[in-house]
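Colleague: I have a structure open and would like to go through its contacts. Can you walk me through it?

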Amino acid sequence: MKTVLKCENLHVYYGSIHAIKGVSFEVGEGEIVTLIGANGAGKSTTLNTVGGLLKPREGSIEFEGKSILGVAPHKVVSEGMALCPEGRRVFAQLSVKENLEMGAYTRPASEIPETLEMVYEHFPRLKERQGQMAGTLSGGEQQMLAMGRALMSKPRLMMLDEPSMGLAPILVDQIFEIIEALNKAGTTILLVEQNAQMALSIADRAYVLETGRIVNSGTGKDLLNDDSVKKAYLGG
Amino acid sequence: MLVHLINGISLGSIYAIIALGYTMVYGIAKMLNFAHGDVIMIGGYVAFFAMSEGAGLPAPLALLLAIIVCTILGITIERLAYKPLRSATSLAVLITAIGMSYFLQNSALLLWGANPKAFPDMFKNAEAIEFFGAKISPVALVAIFANIVIMVILTLFTTRTKVGKAMRAVSEDKGAATLMGINVNFTISLTFAIGSGLAAVAGVLLCSAYPTLMPTTGSLPGIKAFTAAVFGGIGSIPGAMIGGILLGVIEILARAYISSELADAIVFGVLIVVLIFRPTGLLGKQIHEKV
């Protein structure tokens with residue numbers, strides 16, 4: 001299997017706070033890989049570092065064999081990866097369609113209508129609401145929009161930060177079904193989740209983060225049955 | 001009455017054009033650029049010297065030159081003074097902006113002296129126009145017309161073009177905009193460029209309407225336009241327009257019917273009352289985030 005993303009010995013600081021302490025992990029082509037862990041374990045920090053929003057003080061990040069450390073934050077998306085951030089962060093005052101257009105900001109205008117149709121196929125609800133301001137959407141719809149917006153750059157690697165946060169269980173199921181469908185359609189997925197049960201059940205492989213370090217890893221199934229993981233993250 | 005109303009709208013249009021610079025920069029960079037009023041003054045001086053006997057450029061070219069100089073000045077101010085403070089506290093940025101304002105005023109004082117200059121009449125060949133019996137000066141009409149054109153262009157730019165939409169995206173969430181591949185620094189520079197170019201237009205209009213040009217010429221109109229931006233809802237483009245025009249009309253009517261000494265006090269009094277009842281201004285953003 002080809003390695004899409006390879007992070008080695010990442011150290012990330014917020015000022016003097018050492019948030020990520022030597023994290024290494026890999027994502028292979030076509031996989032769903034998840035990072036699970038408690039609040040404050042460093043999951044989002046790791047993802048934001050890969051996405052270019054934070055700079056590691058030490059370590060390397062390679063995407064498809066090429067280092068992306070020196071790449072300007074706004075150019076990371078052109079490399080072929082997209083990050084769907086925590087808390088959705090849709091542009092509330094822009095319409096649904098404008099949000100999606102922003103997702104395709106780096107791509108030529110002529111290719112946008114086709115990608116837009118692809119996204120509407122995954123998220124028919126967004127098509128119904130395309131003229132509406134994103135701020136008026138429900139939480140579930142905003143999550144769909146955030147994912148659709150990330151998809152608009154046609155990423156080969158899609159990173160999702162807490163897509164289930166604050167959603168009703170039925171919507172969580174729906175979002176995870178869509179993640180699996182996107183993966184089947186050929187997108188490699190790196191998923192950060194507090195809902196460890198859901199994340200592990202769809203993941204090929206998983207890493208467990210605790211206070212900035214990876215303390216466990218394995219296939220999704222193995223970790224679902226792992227006693228320490230069960231105890232810490234799956235409620236017994 | 002009609003003549004006061006039209007003069008008010010005209011003065012308000014100048015305020016609106018200045019207020020746009022405040023409001024757009026605030027929307028994008030979340031900072032109050034108190035040096036904005038002084039960019040207006042620089043624009044006035046550039047146009048003044050371009051039209052003076054030595055250079056003798058025609059008025060449209062002088063205006064163009066003022067726009068170019070102010071645009072470059074605006075980008076330079078942002079690069080040198082504000083960009084290094086992008087992650088600093090807003091108070092540090094505010095103090096820097098006030099410092100920049102004094103720097104520009106004192107540079108003008110040093111270069112061009114304290115003596116007021118009489119700004120040439122750009123419309124000396126045009127006659128006052130009769131409008132339902134009211135005599136309207138050409139500069140008043142030009143100001144109103146310029147304001148409308150600028151509003152239409154800016155509205156189209158921010159709603160129809162890719163870069164304009166990206167500007168709105170950056171004003172909402174810089175991090176998310178970066179993730180989309182939008183170059184936030186470029187967008188901020190562009191906003192300063194547009195705001196400062198508009199300041200040049202406002203400077204020339206202002207000096208044509210009130211032809212005394214000195215290093216402090218931009219201060220009070222700058223403060224009033226800032227008030228107009230807050231009045232309309234800072235960060236909102238239509239808010240700047242409505243705020244500017246209301247402010248101009250209130251000022252001229254107060255001057256005509258109540259007292260010219262009290263006019264400014266009345267203007268700021270109205271602002272206080274509006275902010276008590278609508279803290280975000282007339283068109284301020286009040287969308288609540290959904291979870």
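**Domains and chains**

Modeller: Between domain 1 of chain A and domain 2 of chain A there are zero salt bridges. Keep in mind that this is a predicted model.

Colleague: How many residue pairs are in polar contact across the interface of domain 1 and domain 2 of chain A?

Modeller: The rule finds one such pair there, with both residues at pLDDT 80 or more.

Colleague: Which helix gives the most to the domain 1 side?

Modeller: Helix 6 of chain A, with seven residues. By class, the side of domain 1 that touches domain 2 has 13 nonpolar, three polar and two charged residues.

Colleague: And how much area do domain 1 and domain 2 of chain A bury between them?

Modeller: About 1,400 Å², with 73% of it on carbon and sulfur atoms. A:Pro155, A:Ile178 and A:Leu182 supply 32% of the area that domain 1 buries against domain 2, more than any other three residues.

Colleague: Switching to the two chains. How many salt bridges are there across the interface of chain B and chain A?

Modeller: The rule finds three. One pairs B:Lys165 with A:Glu101, and their closest N and O atoms are 2.5 Å apart.

Colleague: Which element of chain B gives the largest share of the side that touches chain A?

Modeller: Helix 6 of chain B, with seven residues. That side of chain B is made up of 10 nonpolar, five polar and seven charged residues.

Colleague: What about the buried area between chain B and chain A?

Modeller: They bury about 2,400 Å² between them, 60% of it on carbon and sulfur atoms. The contact takes 22 residues from chain B and 27 from chain A.

Technical notes
Residues are numbered from 1 along each chain as its sequence is written. Chains are lettered from A and ligands numbered from 1 in the order in which they are written. This is a predicted model: local features need pLDDT of at least 70, side-chain atom pairs count only at pLDDT 80 or more; totals for chains, interfaces and linings use all residues. Side-chain values use heavy atoms; hydrogens and water are left out. Contact means heavy atoms within 4.5 Å. Buried area is the accessible area (1.4 Å probe) that two parts lose on being put together, summed over both. A salt bridge is a side-chain nitrogen of Lys or Arg within 4 Å of a carboxyl oxygen of Asp or Glu. Helices (H or I, at least four residues) and strands (E, at least two) are DSSP runs, numbered from the N terminus. Ala, Val, Leu, Ile, Met, Phe, Trp, Tyr, Cys and Pro count as nonpolar, Asp, Glu, Lys and Arg as charged, and the others, Gly among them, as polar. A polar contact is a pair of N or O atoms within 3.5 Å; within protein, one must be able to donate a hydrogen and the other to accept it, and residues adjacent in sequence count only if both atoms are side-chain atoms.
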